[in-house]
Amino acid sequence: MCTNIVYEWLKTLQLPQYAESFVDNGYDDLEVCKQIGDPDLDAIGVAVPHHRRRIHEAVQRLKEADERAAGL
């Protein structure tokens, strides 16, 4: 299994099973992950609605953290 920031991020979401698919589809950095939408999750193979929602919520938190950091 790949060990990188995306794997660690997915592990905190309790979704590490998607790490290899994320990396295989070019999502090997959290900056890239911030752009994930439904078509991307389809391509990655995230079909479980609860998993999709968890990833969307985590992406939103990443974006909000960036906005807070930019405001400082």
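Mentor: A residue is buried when its relative accessible area is under 20%, exposed when that area is over 50%, and partly exposed in between, using a 1.4 Å probe and protein chains only. This is a predicted model in which local features need pLDDT of at least 70 and side-chain atom pairs count only at pLDDT 80 or more, whereas totals for chains, interfaces and linings use all residues. Residues are numbered from 1 along each chain as its sequence is written, and side-chain values use heavy atoms, with hydrogens and water left out.

Trainee: Which residues does the annotation "domain: SAM" cover?

Mentor: According to the unreviewed UniProt entry, "domain: SAM" covers residues 6–65; UniProt positions follow the numbering used here, feature names are shortened, and annotations may be inferred rather than shown by experiment. Helices (H or I, at least four residues) and strands (E, at least two) are DSSP runs, numbered from the N terminus. Over residues 6–65 the chain is 68% helix and 0% strand, and the end C-alpha atoms are 16 Å apart.

Trainee: What caps the N-terminal end of H1, and which residue takes a positive phi just after H1?

Mentor: The cap is Asn4, whose side chain places an oxygen 2.9 Å from the backbone nitrogen of Val6. A polar contact is a pair of N or O atoms within 3.5 Å; within protein, one must be able to donate a hydrogen and the other to accept it, and residues adjacent in sequence count only if both atoms are side-chain atoms. Just after H1, Gln14 has a positive phi of about 60°.

Trainee: Which residues touch the most other members of the largest nonpolar core?

Mentor: A nonpolar core is a set of buried Ala, Val, Leu, Ile, Met, Phe, Trp, Tyr and Cys residues joined through side-chain atoms within 4.5 Å. The largest has 20 residues, of which Trp9, Leu10, Phe22, Cys33, Ile36, Val46 and Ile55 touch the most other members. At least two residues of this core come from each of H1, H2, H3, H4 and H5. Leaving aside neighbours within four places in sequence, Val46 is in contact with Tyr18, Phe22, Leu41, His51, Arg52 and Ile55.

Trainee: Is Lys34 buried or exposed, and which side chain does Lys34 meet in a salt bridge?

Mentor: Side chains of opposite charge can pair when their charged atoms come close. A salt bridge is a side-chain nitrogen of Lys or Arg within 4 Å of a carboxyl oxygen of Asp or Glu, and this structure holds 5 of them. Lys34 lies in the loop between H3 and helix H4 (38–44) and, at 6% relative accessibility, counts as buried. Its side chain meets that of Asp66 in a salt bridge (2.0 Å, N to O), a pair that links distant parts of the chain, since Asp66 in helix H5 and Lys34 in the loop between H3 and H4 are 32 residues apart. Asp66, at 36% relative accessibility, counts as partly exposed. Glu31, Lys34 and Asp66 are linked in a network of salt bridges. Apart from neighbours within four places in sequence, Lys34 is in contact with Val59, Leu62, Lys63 and Asp66.

Trainee: Where is Arg52 found, and which side chains does Arg52 meet in salt bridges?

Mentor: Arg52 is in helix H5 and, at 14% relative accessibility, counts as buried. Arg52 and Asp38 form a salt bridge between their side chains (3.1 Å, N to O); Arg52 lies in helix H5 and Asp38 in helix H4, so this pair ties together parts 14 residues apart in sequence. The side chains of Asp42 and Arg52 likewise meet in a salt bridge (2.9 Å, N to O); with Asp42 in helix H4 and Arg52 in helix H5, the pair ties together parts 10 residues apart in sequence.

Conventions. Contact means heavy atoms within 4.5 Å.
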